Amino acid sequence: MEKRIGTITVFIRDRAVAQHINSIISQHADIIVARQGLPFRNSGISVISLIVEGDIDSLNTLSGKLGKIPEVEVKVVVIKQK
């Protein structure tokens, strides 16, 4: 299957779900190239930015699992590799 490179951005409104998010991210470590987390304490939102590389099914599985968590919003951007 064709690999893609992209970003998955995770917006978290409730830090109580952080352990669940980290568990899912760890399960998909094979497609994660880099990770950055930033808490915006004044607004109560945290952001995790993932750089990913994998087939579209793997990327969709990861983003789908994250997006099902309450108080979490996920955005995905991908590009095909040549």
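In which strand is I51 found? I51 belongs to strand β3, which covers residues 45–55; helices (H or I, at least four residues) and strands (E, at least two) are DSSP runs, numbered from the N terminus. The model is a predicted one, in which local features need pLDDT of at least 70 and side-chain atom pairs count only at pLDDT 80 or more, whereas totals for chains, interfaces and linings use all residues. Residues are numbered from 1 along each chain as its sequence is written, and side-chain values use heavy atoms, with hydrogens and water left out.

I51 is partly exposed, its relative accessible area being 33%. Here, buried stands for under 20% relative accessible area, exposed for over 50%, and partly exposed for values in between (1.4 Å probe, protein chains only). Together with I5, V33 and I79, I51 forms a nonpolar patch on the surface, and the four residues have about 350 Å² of accessible area together. Such areas come from the Shrake-Rupley method with a 1.4 Å probe, and for residues only the protein chains shown count as cover. Patches consist of residues with over 30% relative accessible area and no salt bridge; like charges are joined within 9 Å, and nonpolar side chains (Val, Leu, Ile, Met, Phe, Trp, Tyr) within 5 Å.

In soluble globular proteins, nonpolar side chains tend to be buried together. In this model, the largest nonpolar core has 18 residues, and those with the most contacts inside it are I8, I21, L50, L62 and L66. At least two residues of this core are supplied by each of β1 (3–12), α1 (18–27), β3, α2 and β4 (72–80). A nonpolar core is defined as a set of buried Ala, Val, Leu, Ile, Met, Phe, Trp, Tyr and Cys residues joined through side-chain atoms within 4.5 Å. When neighbours within four places in sequence are left aside, the residues in contact with L50 include I8, I25, L62 and L66; contact means heavy atoms within 4.5 Å. S63 is placed in helix α2 (residues 56–67) and is buried, with a relative accessible area of 12%. Not counting residues up to four places away in sequence, S63 touches I8, V74 and V76.

Within α1, the residues I21, I24 and I25 are buried. Seen down the helix axis, the buried residues of α1 fall within an arc of 100°, so they line one face of the helix; the arc is that of the directions from the helix axis to the C-beta atoms. Elements covering these buried residues include β1, β2, β3, α2 and β4. The face turned away from the buried side of α1 carries the exposed residues Q19, S26 and Q27.

A search of the whole structure finds 2 salt bridges, each being a side-chain nitrogen of Lys or Arg within 4 Å of a carboxyl oxygen of Asp or Glu. E73 forms a salt bridge with R13, the closest N and O atoms being 3.3 Å apart. Because E73 lies in strand β4 and R13 in the loop between β1 and α1, the pair ties together parts that are 60 residues apart in sequence. E73 also forms a salt bridge with K75, where the closest N and O atoms are 3.3 Å apart. E73 is partly exposed at 32% relative accessibility, R13 is partly exposed at 47%, and K75 is partly exposed at 44%.
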